[in-house]
Amino acid sequence: MSEPTAPDPSELTYEQARDELVTIVQRLETGGTTLEESLALWERGEALAEACQRWLDGARARLDGAQDEKGSRDAT
């Protein structure tokens, strides 16, 4: 029986991706996995970290846009 496929990181919320990333880091730090498992965890962790960064970059852009909009209104 094959293991279920993990969802694509881009389909996860920020919180889901972050929580899974935390779990992966804990598993890697604990050890006890084979080299192949460790590599697969590392690759999944990298993909999750990229997804989290995209969420954070998007949030930053929205905040910057809101601040710019507020500044434009205050200047008039």
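Buried means a relative accessible area under 20%, exposed means over 50%, and partly exposed is what lies in between, all with a 1.4 Å probe and counting protein chains only. By that rule Ala51, at 2% relative accessibility, counts as buried.

The views below show a predicted model, in which local features need a pLDDT of at least 70 and side-chain atom pairs count only at pLDDT 80 or more, while totals for chains, interfaces and linings use all residues. Residues are numbered from 1 along each chain as its sequence is written, and side-chain values use heavy atoms, with hydrogens and water left out.

**View 1. The whole chain holds two helices and zero strands.**
Helices (H or I, at least four residues) and strands (E, at least two) are DSSP runs, numbered from the N terminus. The radius of gyration of the chain is 18 Å, well over the 11 Å that the globule rule gives for 76 residues, so the chain is more spread out than a compact globule. This radius is taken over C-alpha atoms, and the globule rule is 2.2 Å times the number of residues to the power 0.38. Along its principal axes, the C-alpha trace spans about 65 × 25 × 15 Å, and buried residues make up 13% of the 76 residues.

**View 2. The surface of the chain exposes about 6,200 Å².**
The chain carries 8 positive and 17 negative side chains, and the centres of the two sets lie 9 Å apart. Here Lys and Arg count as positive and Asp and Glu as negative, while His and the chain ends are not counted; the place of a charge is taken as NZ of Lys, CZ of Arg, CG of Asp or CD of Glu.

**View 3. Helix H1 covers residues 14-30.**
The expected span of a helix is 1.5 Å times one less than its number of residues. Just after H1, Gly31 takes a positive phi of about 80 degrees.

**View 4. Ala17 and Glu20 are both found in helix H1.**
Ala17 is buried, with a relative accessible area of 0%, whereas Glu20 is partly exposed, at 24%. Contact means heavy atoms within 4.5 Å. Not counting residues up to four places away in sequence, Ala17 touches Leu12, Leu48 and Cys52, and Glu20, with such neighbours again left out, touches Leu12, Arg44 and Leu48. The C-alpha atoms of Ala17 and Ala49 are separated by 7.7 Å although these residues are 32 residues apart along the chain, while those of Glu20 and Gln67, 47 residues apart, are separated by 32 Å.

**View 5. Helix H2 runs over residues 35-75.**
With 41 residues, H2 reaches 59 Å from its first C-alpha to its last, close to the 60 Å expected at 1.5 Å a residue. In this helix Leu41, Arg44, Gly45, Leu48, Ala51 and Cys52 are buried, and what covers the buried residues of H2 includes H1. Among contacts in the chain between residues at least 6 apart in sequence, 70% join residues at least 24 apart.

**View 6. Ala51 and Arg73 both lie in helix H2.**
Ala51 counts as buried, but Arg73, at 53% relative accessibility, counts as exposed. The C-alpha atoms of Ala51 and Leu63, 12 residues apart along the chain, are separated by 19 Å, and those of Arg73 and Gln26, 47 residues apart along the chain, by 47 Å.

Notes
Areas by Shrake-Rupley, 256 points an atom, 1.4 Å probe, with all protein chains shown as cover.
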